[in-house]
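User: Please go through this model with me, one question at a time.

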Amino acid sequence: MFDFRPVGVANLKKIHPDVQHFSTDLEVSTGFEILKSMELRKEGAVLVACPSCGRADVDVRKLANTVGDLLRKTKTPIKVAVMGCEVNGPGEAKDADVGIAAGVGRAVIFRKGRKVRIVAEDDMLSALMEEIEKAEAEIAPPVNAQAAAAERPQD
Ligand code: SF4
């Protein structure tokens with residue numbers, strides 16, 4: 001098991017330089033995010049976001065924070081991307097299970113780099129969450145479906 005202690009609070013502050021005072025909750029949640037990003041913790045969503053650039057059509061940081069709040073209770077190990085433009089976003093985040101690439105007044109929802117929906121800006125968060133739910137069902141099928149599969153006779 002990975003021993004998180006050597007990382008230390010000082011190094012966490014390098015990750016969040018704008019944070020003056022770490023609370024215990026923030027230290028723990030930051031630690032979990034590091035472990036998830038290193039694939040050492042297989043529980044909960046990993047949120048990735050593009051760094052934004054001159055091509056960005058939206059405030060990527062704001063959108064990523066909103067999506068992060070929506071994913072807070074997700075237990076499935078799913079990678080979700082928030083990208084700032086629909087031209088490059090899906091390709092740059094093709095390793096994400098599900099992603100959103102925001103354009104002007106609309107957004108592309110993609111899975112593993114493949115565009116699956118184009119939706120109006122007002123619907124983009126609900127559409128993203130629908131695709132995340134579908135992907136979660138594929139990654140971690142509901143318990144009843146797992147039990148039914150286990151009971152199916154083998155050839
Ligand atoms: S996804 Fe678009 S906005 Fe984000 S870094 Fe790439 S090119 Fe720039």
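## Packing, core and ligand shell

Analyst: In this predicted model, Val82 touches Leu47, Ala49, Val60, Leu63, Ala64, Val67 and Ile100, leaving out residues up to four places away in sequence.

User: Which residues touch the most other members of the largest nonpolar core?

Analyst: This core holds 28 residues. Two or more of its residues come from each of strand 1, helix 3, strand 2, strand 3, strand 4 (106–111) and helix 5. The members that touch the most others are Val80, Val82, Met83, Ile100 and Ala101.

User: What pattern does the chain follow along the sequence?

Analyst: The chain has 6 helices and 5 strands. Of its 155 residues, 23% count as buried. Read along the sequence, the elements follow the pattern α-α-β-α-β-α-β-β-β-α-α.

User: Within what arc do the buried residues of helix 5 fall?

Analyst: The 16 residues of helix 5 should span 22 Å at 1.5 Å a residue, and its end C-alpha atoms are 22 Å apart, which agrees. Met124, Leu128 and Ile132 are buried in this helix. They line one face of helix 5, since seen down its axis they fall within an arc of 70 degrees.

User: What do the buried residues of helix 5 pack against?

Analyst: The face of helix 5 turned away from its buried side carries the exposed residues Ser126, Glu133 and Ala137. The buried residues of helix 5 pack against helix 3, strand 2, strand 3, strand 4 and strand 5 (114–120).

User: How many nonpolar, polar and charged residues are in the shell around the ligand?

Analyst: The ligand is surrounded by Cys50, Pro51, Ser52, Cys53, Arg55, Ala56, Met83, Gly84, Cys85, Asn88, Gly89 and Glu92. By class, this shell has 6 nonpolar, 4 polar and 2 charged residues.

User: Is Cys50 buried or exposed?

Analyst: Cys50 is found in the loop between strand 1 and helix 3. Leaving aside neighbours within four places in sequence, Cys50 is in contact with Val60, Met83, Gly84, Gly89 and Glu92. The cut-off for burial is 20 or more other C-beta atoms within 10 Å. Cys50 has 20 C-beta neighbours inside 10 Å, so it counts as buried.

User: How far apart in space are Gly84 and Ala101, C-alpha to C-alpha?

Analyst: Gly84 lies in the loop between strand 2 and helix 4 (89–92). It counts as buried because it has 25 C-beta neighbours inside 10 Å. Its contacts beyond four places in sequence include Cys50, Ser52, Arg55 and Ala102. Gly84 and Ala101 are 17 residues apart in sequence, and their C-alpha separation in space is 5.7 Å.

Technical notes:
Residues are numbered from 1 along each chain as its sequence is written. This is a predicted model: local features need pLDDT of at least 70, side-chain atom pairs count only at pLDDT 80 or more; totals for chains, interfaces and linings use all residues. A residue is near a molecule or strand if its C-beta atom, placed from the backbone, lies within 6 Å of it. Ala, Val, Leu, Ile, Met, Phe, Trp, Tyr, Cys and Pro count as nonpolar, Asp, Glu, Lys and Arg as charged, and the others, Gly among them, as polar. A nonpolar core is a set of buried Ala, Val, Leu, Ile, Met, Phe, Trp, Tyr and Cys residues joined through C-beta atoms within 7 Å. A residue is buried if 20 or more other C-beta atoms lie within 10 Å of its own, exposed if 12 or fewer, and partly exposed in between; C-beta atoms are placed from the backbone. Helices (H or I, at least four residues) and strands (E, at least two) are DSSP runs, numbered from the N terminus. Two residues are in contact if their C-beta atoms, placed from the backbone, lie within 7 Å. The expected span of a helix is 1.5 Å times one less than its number of residues. The arc is that of the directions from the helix axis to the C-beta atoms.
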